[in-house]
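Dear colleague,

Please find below the structure that I am handing over to you. My notes on what was found in it follow directly after.

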Amino acid sequence: GAGGKAGSFSLDIEALPDFAGFSQRLNDAGFNRSRQFRIRQGDVVLGGLTTVEDFGLTADRGSIDIAGTVDARSAYGGTIRITGGNGVAMRDGAKLLAGATGELGSGRVTLEAAGGRLELRGGQIDVAGNEGGKVRLRARQNAGHDEIEVGALNVAVTGARSAVLEGTSSYEAQDGTVDAIKAEAIADARRFSAAAGAIAGRLGTGLAVMPGIEIHSAGDLALNGDWNLFADLPGARDGTLTLRAGGNLLINGHLSDGFDKADRGGVLRPGASWNLRLVAGGDLDSANVLALKPLAAQAEGKGSVVIGTANTAQPSDSDPAPDNGAGKLVRTGTGDLELRAGRDLTLAHKESAIYTAGRKDTTAWSDFTTANPNASYGVDGGHLDIGVQGSIDAAPAGQRFTEWLNRQGTLNAQRYFGP
């Protein structure tokens with residue numbers, strides 16, 4: 001009804017031979033807020049018209065042929081995520097529309113060939129909006145890390161401030177730690193980045209060609225040391241890092257991009273940053289890296305993302321405020337940050353935090369006259385998308401927003417800073 005949020009629909013099925021017909025029935029029934037499909041076997045032809053703000057389609061062991069239109073346009077911008085375990089194709093005349101219809105926002109479109117190839121032989125992707133949208137076309141790197149599994153890239157992209165062709169390389173953490181595989185992953189990403197110009201030339205594309213890194217473990221996965229993507233990959237500024245655990249994902253070090261240092265002493269920098277995808281309790285049988293095992297299928301005590309270590313010290317007369325824990329940062333700048341937990345998300349320490357900071361704004365504002373000249377102010381921050389099947393727990397920080405959020409300037413009639 002008027003003012004309602006419309007309906008949401010989710011389907012996990014073996015096969016769906018008539019996607020267009022089924023989608024039309026959902027259009028008629030008003031399921032226009034969210035539709036999420038997981039097709040476990042067989043190919044899918046994405047035909048007809050699908051009208052929904054948040055659309056996800058995964059074919060675990062098949063290919064997806066985009067022949068129709070997905071209209072995800074909404075006030076703040078829509079989301080379209082299509083993942084094919086054996087490739088993704090797009091035909092001439094197909095449309096993926098995710099732009100913002102309101103004054104603010106923008107859209108997100110991701111096409112991912114988890115296996116097989118990307119064959120985009122035509123069509124249109126529109127993510128337009130006030131802040132500019134993002135398009136991510138993702139396929140596997142080859143074994144030499146100097147090519148990508150893409151046969152054609154003839155799609156027209158409209159309204160994107162970031163349009164990236166990403167070649168992903170996947171690594172299994174045999175010992176359950178990110179740290180053991182990190183150096184190899186960085187070296188391979190640099191090798192792929194060096195070949196980006198040749199790849200773009202072969203495909204005749206103006207899209208940025210960037211590396212992606214996926215590190216996974218069937219059990220627990222831990223990051224025990226700091227990882228500063230800004231320092232490690234200075235020549236590849238718009239990739240994606242995925243940490244995917246079948247058990248718990250333990251962030252025991254700072255994970256950062258967009259700042260010159262990984263810890264709290266880092267200074268926000270201009271330019272693009274990496275996307276971060278963090279998954280615990282993941283269903284590693286799915287082509288979609290964000291897929292989770294159901295809560296009932298999670299092993300006892302498993303499936304949680306834990307950031308930092310808890311303070312378990314007991315106060316005493318000589319030390320009334322002891323702290324044997326450690327707060328850790330998970331942050332990026334302009335990149336999107338997606339987190340999925342099959343059980344809980346725990347910010348174990350009062351100083352643990354998750355955020356996107358944007359890029360350093362170098363604009364001079366006439367009504368911003370008394371600001372600290374050495375301060376950094378962020379713009380174009382990425383989206384933060386958190387989904388958990390259990391609880392979100394955080395140690396109390398004892399901090400109010402007025403203690404850290406500096407505000408100065410002119411409010412417009414809509415009560416936000418701007419013209």
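Arg264 sits in the loop between strand E23 (255-256) and strand E24 (275-280); helices (H or I, at least four residues) and strands (E, at least two) are DSSP runs, numbered from the N terminus. Arg264 is partly exposed, at 42% relative accessibility, where buried means under 20% relative accessible area, exposed over 50%, and partly exposed in between (1.4 Å probe, protein chains only). Leaving aside neighbours within four places in sequence, Arg264 is in contact (heavy atoms within 4.5 Å) with His254, Gly327, Lys328, Leu329, Glu351 and Ser352. One of these, Lys328, is 64 residues from Arg264 in sequence and 9.1 Å from it in space, C-alpha to C-alpha.

Please note that this is a predicted model, in which local features need pLDDT of at least 70 and side-chain atom pairs count only at pLDDT 80 or more, while totals for chains, interfaces and linings use all residues. Residues are numbered from 1 along each chain as its sequence is written, and side-chain values use heavy atoms, with hydrogens and water left out.

As to the chain overall, there are four helices and 33 strands. The radius of gyration, taken over C-alpha atoms, is 22 Å, close to the 22 Å that the globule rule gives for 419 residues, so the chain is as compact as a globular protein of that length. The rule in question is 2.2 Å times the number of residues to the power 0.38. Along its principal axes the C-alpha trace spans about 70 × 55 × 50 Å. Of the 419 residues, 49% count as buried. Among contacts between residues at least 6 apart in sequence, 72% join residues at least 24 apart.

Two helices deserve a description. In helix H1 (residues 19-29), the buried residues are Phe19, Ser23, Leu26 and Asn27. They fall within an arc of 105° seen down the axis, so they line one face of H1; the arc is that of the directions from the helix axis to the C-beta atoms. The face of H1 turned away from the buried side carries the exposed residues Arg25, Asp28 and Ala29. The buried residues of H1 pack against strands E1 (8-13), E2 (34-39), E3 (44-46), E4 (49-51) and E5 (54-59). Just after H1, Gly30 has a positive phi of about 85°.

In helix H3 (residues 196-203), Ala196, Ile199, Ala200 and Leu203 are buried. Their arc around the axis is only 95°, which puts them on the same side of H3. Gly197, Ala198 and Gly201 are exposed on the other side of H3. The partners against which the buried residues of H3 pack are strand E15 (150-153), strand E17 (160-172), helix H2 (179-194) and strand E18 (208-217).

Finally, two backbone angles may interest you. Most residues other than glycine have a negative phi. His145, which is not a glycine, has a positive phi of about 60°. His145 lies in the loop between strand E14 (133-140) and E15, and counts as buried at 11% relative accessibility. Asp380, also a residue other than glycine, has a positive phi near 60°. The loop that holds Asp380 runs between strand E31 (378-379) and strand E32 (384-388), and Asp380 is partly exposed, with a relative accessible area of 26%.

With kind regards
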